[in-house]
Structure formats: C-alpha cells, structure tokens
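Let's go through this one together, asking at each step what stands behind the words we use.

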Amino acid sequence: MAASGPNQGDIFEIKRIRRLVELMNEHDLAEVDLRQGDLRIRLRKGGGPIITTAPPRPAAAAAVAPTAEAAPSEARGTEGLPTINSPMIGTFYGSPSPETPAFVKVGDHVGPTTTVCIIEAMKVFNEIPAEVSGQIVAALVENGEPVEFGQALFKIDPHK
C-alpha cells in the first residue's frame, strides 16, 4: 500500500514551509535545503521555491563543475582527485578571522581531523574537518563565498 496525501513527507506541510520562510527572514538566510528520506525541499530567496521529490543524482552534480572553471590554474591536472565537500549551506571562511592565516593552503598536508575551513550557517560558525588524509592540491572556493551542500571546497591528493 503506497502512502499518499498531505502527511506523506511531512516536510511539505504548509505551516512548516511558512515557518521556514519566517526563519529565513529572521536569520537573513538566502537559502534553506532540507531532506527527509527521498523527499527534499529547497527554498531560495529571489528565485522562488524549488521543490523536488527525488534525491539529487551524483552524475548530474558532476556534470556541473563551475568550481573547475573558477580556478583553472589551481585545478589544472587535478581531475579525478577526491574533494573535501561542504557538509552544509553557508558562507565559506578559510581562516578563523581576517587577521589570522588560513587553516590550510595549497601544498599543506592534512589528516582526517585537520580543520580546513569554517562554514557559517544561521550565525553559527562550524569548523569543517578534512575527513581524509593527503595534500591539498587546489582551493576551489574564495573566502566569503556562499557554498552549497556537497559543493567541493578543496581537491586533495591522498597519495602525497
């Protein structure tokens, strides 16, 4: 028996969507992306709501690679290498403050617990660990740029 009706995927309840919009306004957020099982809701200011019922396909995400074009000199020769990805939507910061050096730079060796950056989401600063070992070979995001969930932040060579 397939479940249907308004309670299927309760993230789509109108009251919850309205509350999300209120929270976006209250915390000055440009985008909210939520998932519950195979259901997803993504609200974005200015572009209208984007609602999908299937999870994003990895192949489709790989086909869109604006970060490789954004830093061609750094990304050249790094195709096929693993990346450190953003675990959330927010603003990327490469250092703890403007006066301090970056957590990591191209050429640095990192371990799984090495903090590589901070992602600010809803006024909370989240330290992001590398979760892999290797050498940073490309930085794909500029300081202060907004990042998406799953967006590649750094390319890493695990063999160095």
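Q: Which strand gives the most to the lining of the second largest pocket?
A: That is β1, with five residues. Keep in mind as we go that this is a predicted model.

Q: What makes a residue part of the lining of the second largest pocket?
A: A lining residue has an atom within 4 Å of a pocket point. For this pocket, 25 residues line it, and L29, E31, I89, G90 and A121 lie nearest its centre. At least two lining residues come from each of α1 (14–26), β1 (31–36), β5 (90–93), β7 and β10 (146–147). The pocket has a volume of about 560 Å³.

Q: How many residues of each class does that lining have?
A: There are 14 nonpolar, three polar and eight charged residues in the lining.

Q: Why are β9 and β11 called paired strands?
A: Pairing needs at least two bridges. Four bridges join β9 (residues 134–139) to β11 (residues 152–157), so the two strands count as paired, and they run antiparallel. Among the bridge partners, Q135 goes with D157 in β11, and I136 goes with I156 in β11.

Q: How do you know that β4 and β11 pair?
A: The same test applies: at least two bridges are needed, and β4 and β11 have three, in the antiparallel sense. Here I84 stands opposite F154 in β11.

Q: What makes β4 and β6 edge strands?
A: The open sheet of four strands has the order β4-β11-β9-β6, with antiparallel pairing. β4 (83–85) and β6 (109–110) each have a single partner strand, so one side of each is left without a neighbour in the sheet.

Q: Why is β11 called mostly covered?
A: Buried means under 20% relative accessible area.

Q: What makes a set of residues a nonpolar core, and which residues have the most contacts inside the largest one?
A: The members are buried nonpolar residues joined through side-chain atoms within 4.5 Å. The largest core has 15 residues, and F92, V116, C117, L153 and F154 have the most contacts inside it. Two or more of its residues come from each of β7 (115–121) and β11. A second, separate core of seven residues includes I17, L29, I41 and L43.

Q: How do you know that F92 is in contact with residues from elsewhere in the sequence?
A: Contact means heavy atoms within 4.5 Å. Leaving aside neighbours within four places in sequence, F92 is in contact with residues including C117, I118, V141, G144, V147, L153 and F154.

Methods
Residues are numbered from 1 along each chain as its sequence is written. This is a predicted model: local features need pLDDT of at least 70, side-chain atom pairs count only at pLDDT 80 or more; totals for chains, interfaces and linings use all residues. Side-chain values use heavy atoms; hydrogens and water are left out. Buried means under 20% relative accessible area, exposed over 50%, partly exposed in between (1.4 Å probe, protein chains only). On a 1 Å grid over the protein atoms alone, a cavity is a set of points where a 1.4 Å probe fits but cannot get out, and a pocket is an open set with protein on both sides within 12 Å along at least five of seven lines; lining residues have an atom within 4 Å of a point. Grid points are joined across faces, edges and corners, and a volume is the space filled by probe spheres set on the points. Ala, Val, Leu, Ile, Met, Phe, Trp, Tyr, Cys and Pro count as nonpolar, Asp, Glu, Lys and Arg as charged, and the others, Gly among them, as polar.
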